[in-house]
Amino acid sequence: MRVIGTAGHVDHGKSTLVRRLTGIEPDRWAEEQARGLTIDLGFAWFDLPDGETVGIVDVPGHRDFIENMLAGIGGIDVALPVIAADEGVMPQTREHLAILDLLGIQNGIVLLTKTDLIEDPEWLDLVELDVQEVLEHTTLENAPILRISAHTGEGIDDLVNTLTEHLSTLPQRTDYNQPHLPIDRVFSVDGFGTVVTGTLSGGTLHIGDTVDIQPSGKTGRVRGLQSYKQDIETALPGSRVAVNIAGLSTDDIQRGDVLAYLGQLHPTQLIDVHFRHLADADRPLKHNAKVKFFSGASETMATVRLLNDETLHPNNESWLQLRLRDAIPLTQRDRFILRYPSPAQTIGGGIIIDPNPKQRWKRFQPNVISRLETLYEGTPAERVTQATDTPQPQTFSQLQKTTAYDDAQLQDAIQSALDEQKLVQVGEGQFWAFERLLALQSNMLNKVTDYHTSYPLRLGIPREELRRRLETSQALLSIILTENDTLVAQDDIVRHHAHTITFSTQQKQAIAQLDTQIADNPHQPPSYKEAVAIVSEDVLKAKIALGDIVQISPDVIFATADFEGIVQSVLRYIEENGTVDVKTARDLLGTSRKYAIAILEYTDAQKITRRVGDERVRG
């Protein structure tokens, strides 16, 4: 299903043309029908000879209602600019064509209407020449110009055939699993409740889907779907859709809101854009200028920040950061229009490059401009790489959200970036910019090396401390460590593979003294505090880390080999006698009650033994 849009100055006969094509009255308001003037968006549809249903968005043409036009024109496949043959190109016509050009609408058929009122064929030729001149250097430069009369029917068949040919050559709308519906109408139907309409893009919508309305964040459920008065189970991208929403009232929604899957869209007030200033704008665009911003069906006031210019003169392009007065849900590659509020005038428009920039950029920063240029016109591989230049790796669905590629396009882009070594796959189904990975690996190595320098008698840095210093996740840390040959992850410690604990001559002498005292009384050795007094706490902790000494309680230590013998003695006693208690363990080991309690509590904790009342059995 395709959507086309009609636009033209008042009295150009576009509503009459819509009625002729569809049999539907597009002017819904009594005032519109009484004045013969389209004030708000109108909707109609008809079937082409090949059976395809075509929706029509009939937008206002009068200059007082151009902002209503902007709410409905963005989602169309083919534009039908309507120009009355008896009046020719009007100032509003030029503004309409400029808006279509700024919105990137590349398919159109220009209609010269009311040809039945013109007796002089040369006049029609002059009007056509004037139209061709206005279309030069726009997206509709090569659009055919048809002469028609909605009153007599002249040229209607030619219009239908040309439209059929145009639509048959267009690719299907991109489905990147991120459906969003800019809402242009909200109303209530007796017995059904709240209904919203719009042109769906980005993905499919199904009955039963849970959706939210942005920017309010209110949630509902898709109760029913219609397209051109037909009940449907699934709405496809590119079609006009009416959505019956359960759980929300008409007071919860307004024109300009966006319906999307739960959690997929987030409102923003700061956006980076590429902007084209119209050649016929009456003054340069200045930094901090106040303008009206339009995108989809949304509008709000905005403050302009020129990122690379002192002022921007008409007929020039540049990078802007816009601060929006109201939070609006926007996506990358959305089109937008800017207008001066007073006197009302369209001054330009362009493409949203980043709907959620990290910060308010400083002006005249080459690295900022370079990043925006890549996002704007980089290759698919470069755009995907840019999208993964984030603190954490990105999933396939996250990349679809930021690149607006469908499944096949994104897979190709990812593969190209992998082949060009701009991208790496990190873990299962996650991707990261190669430079980010290298930076984290380098930073990790530096952090571990610095730790060894600061604490040479420690085996390595605790994993959690390393994670905090790197400001990353444990999951990512584990992945990077798995793929790193220089660092060794050992239990909860990370160390450089070449790092060893080395004692000085003086420290070796102190260690020998401690070893002698332990050997003299292996089952009742010096306490932790006594050992620290002999060798220092750093040296004692190093001996524990190396596995030479085991600490079984805050103040009880043993030589590791001695403790292994103690455990075996306890287990043999249990095997022979069934149980052991503290008093028996004390006598068995020739130690004190303090040490016996510490030994059995440690073996309980290690599940070597198990306490039953006052006795221990095998764990």
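**View 1. Helix α9 against helix α10.** In this predicted model, helix α9, spanning residues 396–403, and helix α10, spanning residues 407–419, have axes that come within 11 Å and cross at roughly 105 degrees. Angles of 65 to 115 degrees count as roughly perpendicular, and α9 and α10 are therefore described as roughly perpendicular to each other. On the α9 side the contact is made by F396, L399, Q400 and T403, which meet D407, L410, Q411 and I414 of α10. Sorted by class, the residues of this contact between α9 and α10 comprise 4 nonpolar, 3 polar and 1 charged.

**View 2. Helix α11 against helix α13.** The axis of α11 and that of helix α13, which covers residues 474–482, come within 11 Å and cross at roughly 85 degrees, so that α11 and α13 are likewise roughly perpendicular to each other. From α11, the residues L437, L440, Q441 and M444 meet L476, L477, I480 and L481 in α13. The contact of α11 with α13 divides into 7 nonpolar residues and 1 polar residue, with no charged residues.

View 3. N443 lies in helix α11, which runs over residues 434–454. Because its relative accessibility is 27%, N443 counts as partly exposed, a class that lies between the buried limit of under 20% and the exposed limit of over 50%. Between N443 and R469 the C-alpha to C-alpha distance is 9.5 Å, and the two residues are 26 residues apart in sequence.

Conventions:
Residues are numbered from 1 along each chain as its sequence is written. This is a predicted model: local features need pLDDT of at least 70, side-chain atom pairs count only at pLDDT 80 or more; totals for chains, interfaces and linings use all residues. Side-chain values use heavy atoms; hydrogens and water are left out. Axes are lines fitted to C-alpha atoms, for helices over the stretch in contact, and angles run from 0 to 180 degrees between N-to-C directions. Helices (H or I, at least four residues) and strands (E, at least two) are DSSP runs, numbered from the N terminus. Angles under 35 degrees count as roughly parallel, over 145 as roughly antiparallel, 65 to 115 as roughly perpendicular and the rest as oblique. Contact means heavy atoms within 4.5 Å. Ala, Val, Leu, Ile, Met, Phe, Trp, Tyr, Cys and Pro count as nonpolar, Asp, Glu, Lys and Arg as charged, and the others, Gly among them, as polar. Buried means under 20% relative accessible area, exposed over 50%, partly exposed in between (1.4 Å probe, protein chains only).
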